[in-house]
Amino acid sequence: MRKIYLIPAVVGLFTSVAAGPLAAQGAVPKQKAAPAPRAAAAGAPATAGTPVAAGAPSAEAPGAEDKSKAIDGFRSAKFGMNEADVRAAMTKDFNAKPDAIKAQDNAAELTHSILLSVPDLLPNGGSAELSYVFGYKSKSLIQIGAVWSKGTDAAMTPEKLFSNANILRAHFMGEGFKPDSIAVNMPVAGGIVMFRGSDAKDRSVILLLQGTFENKENNQRVLTPTSLLLFYVADAKSPDIFKLPPGQF
């Protein structure tokens with residue numbers, strides 16, 4: 001399995017999205033059969049070559065005020081669990097065999113992860129790789145990630161990635177996250193944050209469509225997707241990872 005270090009990407013994304021739009025305004029995912037993303041401000045369908053509304057807050061989904069979304073983990077795996085409990089949750093959720101669960105360590109962050117390849121984690125979405133990350137100090141679950149790409153499924157296509165992203169974004173839009181935390185179609189370095197939202201305890205979901213940008217007519221930057229990343233994060237602003245104490249260098 002590929003090594004995937006998720007924490008730095010999440011921290012950087014959270015900071016970038018919270019700070020506002022980056023310079024890559026007008027970014028549009030390149031696609032053939034898949035529809036282009038909706039502009040965040042208007043919610044109306046866009047067509048290929050139509051700028052995505054960078055940095056615009058999303059319209060609150062109907063009935064969102066009547067819901068209260070709590071992000072406590074992913075399926076049976078809950079934030080704060082130890083590795084043994086998470087492995088049991090993976091077995092329950094995916095009928096995972098012990099030898100199918102791989103382990104890896106992050107030498108820079110001093111975190112530990114376990115990974116599992118799951119066919120059709122999203123129905124008809126192709127195989128994804130799940131990553132469960134345990135904190136440096138707590139040794140408990142602090143983040144769950146899912147990745148779809150050619151590396152997780154040789155049959156993956158840009159159209160499939162874009163379709164998966166649209167399906168997940170539409171789902172999260174109706175989940176009742178804090179309205180002031182929601183952002184969609186946010187261009188960032190190397191991709192587009194299709195959705196980001198937080199609950200009352202600032203636990204977050206981030207959906208990132210990564211790829212390569214090309215400059216097209218009328219200064220449009222078109223994204224060809226290469227991977228889709230989904231993160232469930234207990235604390236995106238101050239994750240439990242190793243940091244050098246102040247004053248040592």
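Throughout these legends, a residue is called buried when its relative accessible area is under 20%, exposed when it is over 50%, and partly exposed in between (1.4 Å probe, protein chains only). The model is predicted: local features need pLDDT of at least 70, side-chain atom pairs count only at pLDDT 80 or more, and totals for chains, interfaces and linings use all residues. Residues are numbered from 1 along each chain as its sequence is written, and side-chain values use heavy atoms, with hydrogens and water left out.

View 1. Helices (H or I, at least four residues) and strands (E, at least two) are DSSP runs, numbered from the N terminus. Helix α2 comprises the twelve residues 83-94. Its C-alpha atoms span 16 Å from first to last, close to the 16 Å expected at 1.5 Å a residue, where the expected span is 1.5 Å times one less than the number of residues. Val-86, Ala-89, Met-90 and Phe-94 are the buried residues of α2. They lie on the same side of the helix because they cover an arc of only 105° around the axis, the arc being that of the directions from the helix axis to the C-beta atoms. Ala-84 and Lys-92 are exposed on the face turned away from this buried side.

**View 2. Surroundings and ends of helix α2.** The buried residues of α2 pack against β2 (73-74), β3 (77-78), β5, β6 and β7 (141-149); contact here means heavy atoms within 4.5 Å. At the start of the helix, a side-chain oxygen of Asn-82 comes to within 3.3 Å of the backbone nitrogen of Ala-84.

**View 3. Strand β5 and its partners.** Six of the eight residues of β5 (residues 111-118) are buried. Two strands pair if DSSP finds at least two bridges between them. Five bridges link β5 with β4 (residues 102-106) in the antiparallel sense, and Gln-104 has Ser-113 in β5 as its bridge partner. Four residues separate β4 and β5 in their hairpin, where Leu-110 in the turn has a positive phi of about 60°. Strand β6 (residues 128-134) also pairs with β5 in the antiparallel sense, over seven bridges; in β6, Phe-134 stands opposite His-112.

**View 4. Strands β9, β10 and β11.** Strands β9 (residues 191-198) and β10 (residues 204-215) run antiparallel and are joined by seven bridges. Leu-208 in β10 is the bridge partner of Val-193, and Leu-229 in β11 is the bridge partner of Leu-208. β10 and β11 (residues 221-233) pair in the antiparallel sense over twelve bridges.

Conventions. Polar contact = N/O pair within 3.5 Å; in protein donor to acceptor, adjacent residues only side chain to side chain.
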